[in-house]
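Thanks for coming. I have one chain to go through this morning, so please look at the sequence and the model on the screen.

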Amino acid sequence: MLSTVPAIISSNPMIESDPFPSLQSAWDCSQLFSNTQSVGPARSGSASIEPNQTQTHSNSGLDESNQTLSIIDERKRRRMISNRESARRSRMRKQNHLENLRNQANRLRIENRELTNRLRFLLYHCHRVRTDNDRLRSESTVLRQKLADMHQILLFKQLQQFSSAWPCNNVTVMSEQIPPPLII
């Protein structure tokens, strides 16, 4: 069906000629927009209206509509400028807010890093203190054991001296006797 359409158009001699010959020449629009006198409102007391007055009234109507359009355009222009300014302020607020958030994030990162370093320092010292405490506890245990051993040795020596002080065991000379210390 589509293939037959171009054949029909080309075979028709009426279609081959220009269907709109008047469109080839320039239009004369002066007749469409000629200054015709419009009938204005009737006035009492005047029988005729002068052409200049009619044109003034029609021009004043155009001026009023032009003024109305210019007022509307001015309002649109002001609103557009106001909207642009508002958008600019909004972008500035957003940019300031983002900059404040970036600064705050940087401050918090620095503070976090400082706190992490302090924590590591404290953990290191805590580990050293625990190590020293463990060493001191084991040293204390060793020293207590030595003290207990010395105490036993002294008790044994006191017991020997005390047993040698008995009159039945006078085999030793009196000058060699040392008075027994008090047992605590």
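I will take confidence, then the fold, then the surface and the salt bridges.

This is a predicted model, in which local features need pLDDT of at least 70 and side-chain atom pairs count only at pLDDT 80 or more, while totals for chains, interfaces and linings use all residues. Residues are numbered from 1 along each chain as its sequence is written, and side-chain values use heavy atoms, with hydrogens and water left out.

Confidence to begin with. pLDDT is the predictor's confidence in each residue, on a scale from 0 to 100. The protein chain averages 75, and 56% of the residues score at least 70. Residues 1-10 have a pLDDT below 50, and beyond near neighbours in sequence this stretch makes 2 contacts in the model, a contact being heavy atoms within 4.5 Å. Residues 35-56 are also below 50, with 7 contacts beyond near neighbours in sequence. Where pLDDT is low, the predicted coordinates should not be read in detail.

Now the fold. The protein chain has 3 helices and 0 strands, and along the sequence the pattern reads α-α-α. Helices here are DSSP runs of H or I with at least four residues, strands are runs of E with at least two, and both are numbered from the N terminus.

What does UniProt list for residues 84-118? The unreviewed entry gives "coiled-coil region" there. UniProt positions are in the numbering used here, feature names are shortened, and annotations may be inferred rather than shown by experiment. In the model, residues 84-118 are 100% helix and 0% strand, with the end C-alpha atoms 50 Å apart.

Next, the surface. Of the 184 residues in the protein chain, 1% count as buried. Buried means under 20% relative accessible area, exposed means over 50%, and partly exposed is in between, with a 1.4 Å probe and protein chains only. The protein chain exposes about 17,700 Å², and carbon and sulfur atoms supply 60% of that. Those areas come from the Shrake-Rupley method with a 1.4 Å probe; for residues, only the protein chains shown count as cover.

That leaves the salt bridges. The definition is a side-chain nitrogen of Lys or Arg within 4 Å of a carboxyl oxygen of Asp or Glu, and the count comes to 6.

One of them pairs Arg78 with Glu74, at 3.3 Å from N to O. Both residues lie in helix 3 (residues 51-164), 4 residues apart, about one turn of the helix. Arg78 is exposed, at 53% relative accessible area, whereas Glu74 is partly exposed at 26%.

Further along, Glu99 bridges to Arg102, with the closest N and O atoms 3.7 Å apart. These two are 3 residues apart in helix 3, so about one helical turn separates them. Glu99 counts as partly exposed, at 38% relative accessibility.

Then there is Arg135 with Glu139, at 3.4 Å from N to O. They sit 4 residues apart in helix 3, again about one helical turn. Arg135 is partly exposed at 44%, and Glu139 is partly exposed at 39%. Salt bridges that share partners also join Glu74, Arg77 and Arg78 into one network.
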